[in-house]
Amino acid sequence: MKHIAVIPGDGIGVDVTREAVKVLNRAQDVYGFKLEMTHFDWSADKYLKEGVTLPEGALDMFRKEYDAIYVGAFGDPRVPDMKHAEDILLGMRFGLDLYINLRPIKLLDDGLTPLKNRGTKEIDFVIFRENTEGMYVKIGGIFKKDTPEEIAVQEDMNTRAGVERIIVAAFDYAKKNGHKRVTMADKSNVLRYGHDLWQRAFADIAKRYPDIEANTQFVDAVTMWMVLKPDQYDVIVTNNMFGDIITDLGAALQGGLGMASSGNIHPGQVSLFEPVHGSAPKYAGKNVTNPIGAILSAGLMLDYIGYPEAAKGVEAAVIQTIASGEVTRDLGGNLTTTAAGDAICEAMK
Ligand code: NAD
Ligand code: IPM
Ligand code: MN
């Protein structure tokens, strides 16, 4: 039995989490394992009503009592500074030291990509986004706010240990999965301190993996090559900010943000799984958005907690429903979120 925390969050996070939970229930029946899922209503609503974001003691509770955390999305127009998301989502990523943001870019059906003459063979790689440092650490400040002389400083923090461990994770993954190349996306031509460190760490670590080609590209060029020649990539490793940006581009290659899945991982410790997309407020509660990214994230979670067959089964069921056109309107179908989730459950035999 594994213990899962489920945090639907805001907006369409609630809609898609409902479907992911349905699929997790179905997977238990089909593959014969047991999950205990505990729901937490941490959200913009709760923050606005009760002033509560990530309750005191929550991280310790997850470390001690849970195997994984499943999240929908955060973001609400009534909380423009994203205070609750900073406390809850970034609070868990940083507080649980989930340094690997694993974001697969895998096209599941030739018809879904906007790229001409590209299909499932060409679009299949994984992005390792550093998840605990960079510009996300909130070091900085504002001086002379709201004056013409205002100065805003937002530091980009790169530690040797932090950079090394994400690069090692990328190479280890490549080695384990038989990939021939790891590409680092950086901006060392301009960021001569932080990304010089990334370059040196990458070159050092690459020596330990003589069978894997170590390749570096500037991140601006990576955005071009992801569109023009995506088949060159097996594993991309990059920093927090660039990883955020290029994984939305990667989502587009797969058929849109509704398709993209992710894990926030610290190997061997409680880790967090969530779709790449946000709360898409204009679709909140309308039962129209695509649950696939959320469902595939639940699949990544099943793999992580020790049910790889079930994870494969979830992906196969998703592929089957796409092939039969049982999909939401972002993919050209006419199903509701609920009906698309039902179709995937039905396809899991
Ligand atoms: P978003 O991902 O919420 O939505 C952007 C657009 O992508 C949508 O308008 C829609 O066209 C499409 N889309 C996203 N998810 C979809 C789905 N499941 N099915 C079909 N189409 C989908 O990004 P945004 O509009 O930039 O941000 C909205 C809010 O979400 C903001 O508050 C933002 O900060 C937050 N956000 C949260 C997370 C997270 O919790 N991990 C991630 C990204 C954005
Ligand atoms: C993501 C999101 C988050 C990020 C936000 C909501 C904090 O865009 O998960 O990609 O920037 O990491
Ligand atoms: Mn993002």
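**Figure 1. Salt bridges between domain 1 and domain 2 in the predicted model**. Between domain 1 and domain 2 there are 3 salt bridges. One salt bridge joins K106 and E315, with 2.8 Å between the closest N and O atoms. By the domain assignment, domain 1 consists of residues 1-98 + 266-349 and domain 2 of residues 100-259.

**Figure 2. Polar contacts and the elements of domain 1 that face domain 2**. Residue pairs in polar contact between domain 1 and domain 2, both residues at pLDDT 80 or more, number 6. On the side of domain 1 that touches domain 2, two or more residues each come from α4 (83-95), α9 (292-304) and α10 (308-323). Of the elements on this side, α10 gives the most, with 5 residues. By residue class, the side of domain 1 that touches domain 2 has 13 nonpolar, 4 polar and 5 charged residues.

**Figure 3. Area buried between domain 1 and domain 2**. About 1,900 Å² is buried between domain 1 and domain 2. Carbon and sulfur atoms give 60% of this area. Within domain 1, the three residues R93, F94 and V276 supply 28% of the area that this domain buries against domain 2, more than any other three residues.

**Figure 4. Placement of domain 1 and domain 2**. The centres of domain 1 and domain 2, taken over C-alpha atoms, are separated by 23 Å. To the contact, domain 1 contributes 22 residues and domain 2 contributes 21 residues.

Terms used
Residues numbered from 1 in each chain as written. Chains lettered and ligands numbered in written order. Predicted model: local features only at pLDDT ≥ 70, side-chain atom pairs only at ≥ 80, totals over all residues. Heavy atoms only, no water. Domains from an automatic or database assignment. Contact = heavy atoms within 4.5 Å. Buried area = accessible area lost by both parts, 1.4 Å probe. Salt bridge = Lys/Arg side-chain N within 4 Å of Asp/Glu carboxyl O. Polar contact = N/O pair within 3.5 Å; in protein donor to acceptor, adjacent residues only side chain to side chain. Helix = DSSP H or I, 4+ residues; strand = E, 2+ residues; numbered from the N terminus. Nonpolar A, V, L, I, M, F, W, Y, C, P; charged D, E, K, R; others polar.
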